[in-house]
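Q: I would like to learn how to read a protein model, feature by feature. Could we go through one together?

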Amino acid sequence: MYLQGELSGMIVGIDLGTTHSLIGTYGEQGPVLFPNALGGFLTPSVVSVDDAGHVIVGQAARDRMVSHPTASVATFKRWMGTPRETRLGPHVFRPEELSALILRTLIADAEAASGEKVTEAVISVPAYFSDAQRKATRAAGELAGIRVERLINEPTAAALAYGLQEKRDGSRFLVFDLGGGTFDVSVLEMFEGVVEVHASAGDNFLGGEDFLDVLEMAVCSERQIDQAKLSPQERGQLRRRLEVAKRQLGNGGATSIEWQHGEQAIGWDIDEERFARLSEPLVHRLRAPLERAMRDANLQPAQLDEIVLVGGASRMPLVARLVSRMFGRLPLRHVNPDEAIALGACVASGLKARDARLDEIILTDVCPYTLGIEVSRRDEAGGRQQGFFAPIIHRNSTVPVSRAESFQPVQDHQTQLELNVYQGENPMVERNIKLGSLSIVLPARRTAIENAVEVRFTYDVNGVLQVEATVQATGARHELVLEQNPGVLDPAEIRARLAALDAIKIHPRDKQENLAVLARAERLYEEYVSARQQLQQWIMQFRSVLDSQDELQIREHRRLFGEAMDLLEKSL
Amino acid sequence: MSSPLEWFGLTGDADERALKRAYAQRLRTTRPDEDPEGFQQLHAMYQRALAQCRSQGGQMPAFPLEQDVPVTLQPITPQEDEPAITQNALIEPLLSQEAIDAIAQEAISLAMKGDADALLAWLRTQPALWSLQAKARTGWRCVERMFQEVPPMPVDCQEALLGFFDLDRVQSRIDAASLARLSRRMQLAWEMQRAHHETLRRRVGIETFTVPKIRSLLGEFTRPFSWPSVLMAGFMPSAAHRRAQFLTRLCQGQFNDLPASFDRRRVQFWLDATQGGVTRARLALGVTRWLTALFVAAIIGLLIAIAPANRNDLGGQPSSLDLTPVSVMLGVALAPGLLWAMWMLYLPLDAWHGHPEHVPVRWPWLNLLMVPLLCAVGTALKLWQPDSLIFLLPLIPAAWLALRRFWRRSATGDRVSPNLFRFGFFLLVPLLRAIVQQDITLPVLLLLALIPWGWDLWRQRAVLRITDRRAA
């Protein structure tokens, strides 16, 4: 019975973004996205906790970032794979749990829209996500009560969506994915239904939020404000205004912000040229992954057919300028940058479900980073130096991939060997990320040559790395379980936290709209001092209507309230 | 063996399109998520077939510099004859080698100024470096010149330069060990410049060394070796030790990388002077110190010898010791000499006895049974002459060696402060004798020697091999 329920469930595709998340599936007409309770596709990746300890997710939580900054949290995708904990009201959450709360909300939306139970998901992750970060994403899925077997790299997802939409055969293209918090580049080729990723590169700490940081820093330094002393409220308001300004700059020309700092009102003007100058260091950081991906794919800019921009932050004109300067052509914008990844994840979910209409499509992806072990080597002077990184799986190898190399212990008669597994690109291990280590007992009384050890790395399509070491003389095998790296929850912990999460109340979906309206009103109350009285009155009115529990009246009042706030925001 | 193209059922002159079609066809039955092994084989064959196709079609990959060339010790120069890319006329014209050289030259001279931010800012504004090819070639040119000239350059500039050209990665085909060595040498060359001695001082991190002191030392190391000068400089034991420490930290333990201006013999002298075991430098310094002590003792002896005559004149009691000038001289001079000789003997003994078990040593049986043998001798002496303290002579070294061995071969050995330990140990025996009336010194010392010895053996049981230790 239970098994049957599992089998008949729906597989969804989820784009779990730094700033926004989306959910959808591969339906009758191809990929479809499910709207959230407010009717939109984009659910802000923000979690907030109200005074009663109930969890609020989405637009309402985003508005609460301004009115209740200490009880709300955003951009936690950047902390995935770390054990960092966030206190929200009475609860303490790890990044996995915060993501799980987002996932739970998305799944509730999907189930409400489709009427089917969601049992499994394909979640998109930045191509450059590390092993720990991928594991944390899977753990978030488990904490949300669904199975996550497959993760799809975000640029690959975008390419899938784009490729299927355009149906262009035999073309090579580059996907430039600048999201809220991460930057990814992938070079792909499509032919005969095969989507082949040639290379991926990226920067996990570069996204729209960083451009906002740059603006924030500029305002504060220019107006002699100590950034560290800003209260969370003030900071939230400033960032919101800057975000709006940043979007306006995209349409060209100049814009200005008005902002209340303590007692004084602060005005600040910015034009596009200035913004470009301020964000120059960030633009240069965008260059490196682009060059790296092109080099790894072994292609010249002229050999690319298209450059596809996805991710909300890629709307900034300076991105288009960078791309046209590097590649000598204008990037393509046929796809909706916010939805492309989610649509691709939907296609991937269809592939996972073995949807008959996708039978022609085969996707091959790459391992985005180099995996190897620590070795010591002799330099020209004959001295033995330690801490070198010996790659076994090179970055941008097509997965699944399994490769083995043979290593010798440093000394004769060595009886133990410590195998340290690293991920990274630097020739020295100290600059790379340690994934784990394996202790190998060697047979006694043998020389180093006799005691060679074969180390095999296997990296599968789901991004799981398996390390196997075989002592060639005895055939003894050692296997490394990479589950226990710091920052990753083990299965027992996941079960315990799942129970704890189940006990936390999430605001019911049908009350979301009321909640969102109230949260927005509270945000406006914080932001616009001059309209406080008016807003307070409206809030009181709305609360009394809510108390009446007359659904029709509530709906009507909610609409009017929303329109009134629209007007207010426009006039101020 | 058939060619990769034939493996796909194609003729030798098949084009890329046909190959891709054949590959896609096979992929449908060999999906990467369902048949990982089959897919790996298929993909490897596809790559080879693709290479075959391209070599026939005259189309070359865009970055010939980075193709599967084995790792070498020196960076390989970019090939002079860039392949003509016929496929696409849009490809930008290649920059001339002179232009590349000029950019590389400028980049290195900027890096030698030591301002990484300025260097990066300059590199980023170079329009030529927006071209991927020009950037790759310039990067290689820079590395090549760095290997040839070893320009003085601080680490952050090296990192900025390599980072900008994306050459600080394992796939860059630059040998990592050579690059690490180059980096050390460039950093050292940078710090050897007079203006950056402060940086050097901070890195070396020896507290008593000020910048003027470092400058005088650097001057000293460049002077040719002469016995009087080193013996003078090394008269104080700490001076020799500090010099060796300074040299080691200067080149991070890689003595080959020390500046060519340093006098090798002088450098070697200081390193020898502080190494364990008996070396010429140690002997020379020791003899010098001992002779000086003898000289000082002679003067003191002479002074004291005059004194008793005066005391007798004052009608004091004759002293119990007969203080002749000669006996005083000998006493004062022999004591440090004797101690020094014992220390010289002790150091190799300690190193030999405390060697890790898996490393071969000489006389393995003696090494293993040293402590019980000494204990047995001590016990025998005690039984022979119960009232004499002579039994302490073998027993104290036995206990000491056992404890040292126990500590040296344990995982935490390096973390125990040896001075504190030594002090405590040598205080133990007189304390015991003073506090306790009954003579328990013998059993205590025996326990002190045998327990750590046995414990250590038990701990090392997995690697304990007596027979073939001399094999290597």
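Q: Among contacts in chain A between residues at least 6 apart in sequence, what percentage join residues at least 24 apart?

A: Keep in mind that this is a predicted model. In chain A, 69% of the contacts between residues at least 6 apart in sequence join residues at least 24 apart.

Q: How many helices and strands does chain A have, and how compact is chain A for its 572 residues?

A: Chain A has 15 helices and 28 strands. Its radius of gyration is 26 Å, close to the 25 Å that the globule rule gives for 572 residues, so chain A is as compact as a globular protein of that length. Along the principal axes, the C-alpha trace of chain A spans about 85 × 60 × 50 Å, and 48% of the 572 residues count as buried.

Q: Which residues have the most contacts inside the largest nonpolar core?

A: They are Val47(A), Ala158(A), Val308(A) and Leu161(B), in a core of 194 residues. Leaving aside neighbours within four places in sequence, Val308(A) is in contact with residues including Ala158(A), Tyr162(A), Phe173(A) and Leu332(A). Apart from this core lies another, of 18 residues, among them Val371(B) and Leu448(B).

Q: At what angle do helices α9 and α10 of chain B pack?

A: Helix α9 (residues 197-204) and helix α10 (residues 211-222) of chain B pack at about 95°, with their axes 10 Å apart. An angle of 65 to 115 degrees counts as roughly perpendicular, and α9(B) and α10(B) are therefore roughly perpendicular to each other. Their contact is made by residues including Leu200(B) of α9(B) and Ile214(B) of α10(B), and by class it has three nonpolar, one polar and three charged residues.

Conventions
Residues are numbered from 1 along each chain as its sequence is written. Chains are lettered from A and ligands numbered from 1 in the order in which they are written. This is a predicted model: local features need pLDDT of at least 70, side-chain atom pairs count only at pLDDT 80 or more; totals for chains, interfaces and linings use all residues. A nonpolar core is a set of buried Ala, Val, Leu, Ile, Met, Phe, Trp, Tyr and Cys residues joined through C-beta atoms within 7 Å. A residue is buried if 20 or more other C-beta atoms lie within 10 Å of its own, exposed if 12 or fewer, and partly exposed in between; C-beta atoms are placed from the backbone. Two residues are in contact if their C-beta atoms, placed from the backbone, lie within 7 Å. Axes are lines fitted to C-alpha atoms, for helices over the stretch in contact, and angles run from 0 to 180 degrees between N-to-C directions. Helices (H or I, at least four residues) and strands (E, at least two) are DSSP runs, numbered from the N terminus. Angles under 35 degrees count as roughly parallel, over 145 as roughly antiparallel, 65 to 115 as roughly perpendicular and the rest as oblique. Ala, Val, Leu, Ile, Met, Phe, Trp, Tyr, Cys and Pro count as nonpolar, Asp, Glu, Lys and Arg as charged, and the others, Gly among them, as polar. The radius of gyration is taken over C-alpha atoms; the globule rule is 2.2 Å times the number of residues to the power 0.38.
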